[in-house]
Amino acid sequence: MATHDAVFVGSGINSLAGAALLAQAGWNVCVLEQENRLGGCIYTSSDLTLPGFAHEVLASWHPLWTGGAAYAELKEELDRRGVEYLNTDLPTGSTLPDGRAAFVWRTTEENVAELERHAAGDGAAWEAMFDAFMANADLSFGLLSVELWSATGLDLGRKAVRRLGRRGMLAHFGTTLSTCRDWLGDTFRSEEAHALLAPWVLHTGLGPDQASSGFMTQVIAAALQLGGMPVPKGGGIRLVEALADIVRDAGGSIRTGARVERILVSGGRATAVRIADGETVAASRAVVASVTPTQLYGSLLGEGEVPGPVAAAARRFRYGRGELHVHLALDELPRWKGPRGDELRRCPLVHVTTGLDGVSRGVNEAERGLLPARSTIAVGQPHVLDPSRAPDGKAILWLQMQETPRAPVKGDAAGEIDVGDGTWTEELRERYAERVVGWLGESIENLESATSKRVVLSPADIERLNVNLVGGDLYSGSCALDQNLLWRPFAHAPGHKTPVDGLWHIGASTHPGPGLGGGSGYLVYRELTRAPLPRRALANARQRLQQTVAKS
Ligand SMILES: Cc1cc2nc3c(=O)[nH]c(=O)nc-3n(C[C@H](O)[C@H](O)[C@H](O)COP(=O)(O)OP(=O)(O)OC[C@H]3O[C@@H](n4cnc5c(N)ncnc54)[C@H](O)[C@@H]3O)c2cc1C
């Protein structure tokens, strides 16, 4: 039986980041992945459409990764291994059906000018928003990056009290509960500003009328200006390969086609995992599972190995909306319509939207089990940043429709498509994709003539690609407030420590939630490599003594 210090279940970004960091810290690590490729949602494919086109089949944009703590710690090694990020001065824009468009740029001056052209006062509102956000950015980003149920989480609260006072701290965290609709309405006057930012709430798994969506939109607005829209040159596969090589080069093991079917518990402690072929892999210090709570508590652990209320709460864990994804290979560059078509053409991620109310309606219909009458389209143009993704003069469109029901059991809000019993059949998927592409054709004049190949993924296809994306939920669990932040994955087992000693829960279902940040893998790495309490106490005492000596 092979024995490692730590065994990771799954090879998504959180596992690979955590495993690479532990490997660098001298741990012998094993990563077990059930698919025949590594990376989970990072899946670069050159076989999806036509020769010469390299598509990101699932996740594409890496701002959370390049802005995160895991990357900061691994950057030097990744640079050495040739992982190169490409970025832009024009990360995102939105266009309305009548051709009006608005953009987020990389400097406050440009964003002030951009928003001011749509409504007098909106430019100043952007500047005020950005400055206020930055004044407490450590608190806001801290909420999304530290282990909240820990001494560090408590320190974050204490820091907020010291800086803002008790009432100020309550006010600060109180505003994080506001909705995107309220925040946008209170901050910006123009419809264009609302259309620019409201679709971003979809990328947090929320809708614009849900608690905390205002805070999330604000974080994204600031992050877009600060971080842009980086992608790895050559695709996410470059990052995946480099992280896996860090583990291998440190003597660790990375295996595909290895589905973990059981976590073995002995004396209340996780000691090993059993793979589907019956092989056992032992973990002397930690088992780290990047799976949904449904899988962790429902099948990987046996009955009686966790307290009944935890197992029952895990059964109630809810999943969010599904997604329809369309990949297009174009044999010429898209010609965007409207007076700002040139800017739309060079923008890596454009939202084609009917605005704030449109996003709200699409979300509502999808959540009620309807195909939306009109959906927001997130249009990725990766070739803009990385020309190696498509042959010269050709283009890739990565279309994401996040207002899609996991199953359209209630019908079609437009009354056009027969959804049958709501199963995502090939026919239903292609008919709905046809409608989406028709909407996009209103904004790109050569869309139909330039498209040489189309590949569509329904929510059911997306789940088939990654078991953690239940029902095609990109975020591995609803991000509604009762399953987010302090309560992710769920109130009975928040954070990453599980009721089983030595077993850690990471991945999109856990805090700080979905996205390519690698945050949960990083937090568990930190916890596992923390000096034991007596050594920490000694180090703190030494630091206090040095400070006293320095003062005297
Ligand atoms: C279509 C799509 C587009 C997205 N776009 C972006 C984007 O552009 N930017 C961004 O920041 N985020 C994006 N996201 C979200 C982001 O990609 C995910 O939240 C994130 O990648 C999840 O990482 P993870 O570490 O939880 O693991 P995952 O990527 O979910 O991988 C988990 C892995 O574990 C494996 N596994 C599960 N159970 C077992 C088992 N029992 N045994 C062995 N292996 C197992 C799975 O096969 C899978 O490979 C997107 C998601 C999707 C689906």
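1. Buried means under 20% relative accessible area, exposed over 50%, and partly exposed in between, with a 1.4 Å probe and protein chains only. Leu-486, at 31% relative accessibility, therefore counts as partly exposed. The structure is a predicted model, in which local features need pLDDT of at least 70 and side-chain atom pairs count only at pLDDT 80 or more, while totals for chains, interfaces and linings use all residues. Residues are numbered from 1 along each chain as its sequence is written, and side-chain values use heavy atoms, with hydrogens and water left out.

2. Leu-486 lies in the loop between helix 18 (459-465) and strand 20; helices (H or I, at least four residues) and strands (E, at least two) are DSSP runs, numbered from the N terminus. Together with Trp-149 and Trp-487, Leu-486 makes a nonpolar surface patch of about 310 Å². Patches are made of residues with over 30% relative accessible area and no salt bridge, with like charges joined within 9 Å and nonpolar side chains (Val, Leu, Ile, Met, Phe, Trp, Tyr) within 5 Å. A salt bridge is a side-chain nitrogen of Lys or Arg within 4 Å of a carboxyl oxygen of Asp or Glu. Accessible areas come from the Shrake-Rupley method with a 1.4 Å probe; for residues, only the protein chains shown count as cover.

3. Ser-509 is placed in the loop between strand 20 (503-506) and helix 19 (519-529). Ser-509 is buried, with a relative accessible area of 2%. Beyond its neighbours within four places in sequence, its contacts (heavy atoms within 4.5 Å) include Val-291, Phe-317 and Arg-488.

4. The largest nonpolar core has 58 residues, and Trp-61, Trp-126, Leu-184, Phe-188, Leu-197 and Leu-349 have the most contacts inside it. Helix 10 (residues 213-227) gives the most to this core, with seven residues. A second, separate core of 38 residues includes Ala-70, Ala-286, Val-288 and Trp-504. Such a core is a set of buried Ala, Val, Leu, Ile, Met, Phe, Trp, Tyr and Cys residues joined through side-chain atoms within 4.5 Å.

5. Strand 10 (residues 260-266) and strand 11 (residues 269-275) run antiparallel and are joined by six bridges; two strands pair if DSSP finds at least two bridges between them. Leu-264 has Ala-272 in strand 11 as its bridge partner. In the turn of this hairpin, which has two residues between the strands, Gly-267 has a positive phi of about 60°.

6. Strand 11 also pairs with strand 12 (residues 280-290), in the antiparallel sense over three bridges. Arg-274 has Thr-280 in strand 12 as its bridge partner. Four residues separate the strands of this hairpin, where Gly-278 takes a positive phi near 100°.
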